[in-house]
Amino acid sequence: MTNADCDVAIVGGGLVGLSAAYELTTRGTRVTVIDAGYPGRATDAGAGILAPDTHPAAEDFWWEMAQRAGAHYPLLLERLNADGISTEDARYASCGLLSVGLRESEDSWFAPFADRVIRRAEGRVCEITPAAASALFPPLGEVHRVLHYPDAARIDGRGMADALRHASENRGVRFLTGAVSAVLAAGASVPLAGAARRAAQRVTIDGHETLQCGALVVAGGAWSAELGELLNCPLPITPTKGQIVHLGTTQESDGWPIVQPLLTHYLVPWPGGRVACGGTFEAGAGFSATVTAAGLHELLRECLVVAPGLADAEYLYTRVGLRPTSPDDRPVVGAVPGWGNVWVATGHGANGLLLGPYTAALLAAELADGTGGTALPGIPDELDPARFS
């Protein structure tokens, strides 16, 4: 069976794939999204922290990319609203964030982090007293040092993905369910930049359905390595399991900031008394998306160390997501080596909700326009997939 052709086929229906689909279709590109629907998609479980000014990486390119990614969100939400799409379920809001050092013994880590953040943020982040922090987040326990970042925001990954999907569908993006089992190249290689490269022409879905495409984008999250094998190009992305527990409190939590200790788990408050505590980092768990007793024990123990005032909170549920992690903990975004029309956007690790829509926009601009566009820079060299070739 052969489907109607498309300009771009995107493998992966998480936040990155949906963002790429929306960006491309707004440029007049015919897009088909292919999604296997595997359990444990990171988009569906992420806590939703959008805090570029307190990103812990020391490298300048990371901080600059995080800044642009944070600024991209309100612009993207405005575009979705202009398309007639409700973004209410995305629950985007500036709630603020407290970066916390719990003990004096943590100063060797916290002090250089605080100095770097305050210097870079240029007045957007300041140090406050533990008493002031407790006033902002009443369940907080004893802490040693606190940075306050009032402009940090939160986003509901599921709600954001739903809005992007609806907007893409309204613009004609087609969605197919199934796993890609083969990528078929054109009969002859395509000369490009002085070298012959293969050109993807068709993809086979679940071994029985074939889609013709002008280009292919791999946005398969933790499962991207499977596509790398089909392309005969290494995409060394592995799953890092993260469990996140959600608690319910009778206190009004809408005005509380995110609490992000430097060396343990974060707390993300949501309206209605819900607080998410996460997440575990389980690099050896494979593709398991089950909730475990050990995971729950770790999360609840650390939650109550940071915020003993949540001891009476009700257990609501636990979400599990598989973070797509690269060997150097950097996203993998750009042209796939050896192919003239295959691109990849994956490997965002724990930063998928922050970086995903922005890196997808960079990729769409490169793919559709051949440049970074007038409003967007090019994809950072540090993200080039060729580094693993």
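Two strands pair if DSSP finds at least two bridges between them. Helices here are DSSP runs of H or I with at least four residues, strands are E runs of at least two, and both are numbered from the N terminus. Keep those rules in mind for the sheet.

This is a predicted model, so local features need pLDDT of at least 70, side-chain atom pairs count only at pLDDT 80 or more, and totals for chains, interfaces and linings use all residues. Residues are numbered from 1 along each chain as its sequence is written, and side-chain values use heavy atoms, with hydrogens and water left out.

The sheet, then. Three strands make an open sheet in the order β3-β8-β4, with antiparallel pairing. β3 (49-50) and β4 stand at the edges, each with a single partner strand, so one side of each has no neighbour in the sheet. Two bridges join β3 to strand β8, residues 153-154, in the antiparallel sense. L50 is opposite A153 in β8. In general, strands of a sheet pair through backbone hydrogen bonds, parallel or antiparallel.

Next, helix α5. How far apart are the end C-alpha atoms of α5? They are 20 Å apart. The expected span is 1.5 Å times one less than the number of residues. For the 14 residues of α5, 157-170, that gives 20 Å, which agrees. Now burial: buried means under 20% relative accessible area, exposed over 50%, and partly exposed in between, with a 1.4 Å probe and protein chains only. The buried residues of α5 are G157, G159, M160, A161, A163, L164, A167 and S168. Their cover includes α1 (15-25), α2, β9 (174-177) and α8 (352-369).

On to the rings. Rings of Phe, Tyr and Trp, the last by its six-membered ring, pair if their centres lie within 6.5 Å; planes under 30 degrees apart are stacked, over 60 edge-to-face, and the rest tilted. There are six aromatic pairs in the structure. Take Y73 and Y92: the ring centres are 6.2 Å apart and the planes at 10°, so this pair is stacked. Y73 sits in helix α2 (residues 60-82), while Y92 sits in the loop between α2 and β4 (93-94), 19 residues apart. Y73 is buried, at 1% relative accessible area. Y92 is partly exposed, at 30%. Elsewhere, Y38, W223 and F287 form one aromatic cluster.

Charges over rings. The rule: NZ of Lys or CZ of Arg within 6 Å of the ring centre and within 35 degrees of the ring normal. R165 lies over the face of F175, 4.0 Å from the ring centre. R323 has its charged end over the ring of F281, 3.9 Å from the centre.

Cysteines. How many disulfides are there? A disulfide is a pair of cysteine sulfur atoms within 2.5 Å, and the count is zero. For C233, the nearest cysteine sulfur is that of C213, 16 Å away. C233 is buried, with a relative accessible area of 5%. The sulfur of C277 is 4.3 Å from its closest cysteine sulfur, in C303, too far for a bond. C277 is buried too, at 0%.

Last, Q251. Q251 is in the loop between β15 (238-248) and β16 (258-261). At 31% relative accessibility, Q251 is partly exposed. With contact meaning heavy atoms within 4.5 Å, Q251 touches P138, P139, W256, G273 and G309, leaving out residues up to four places away in sequence. E104 is 147 residues from Q251 along the chain, and their C-alpha atoms are separated by 30 Å.
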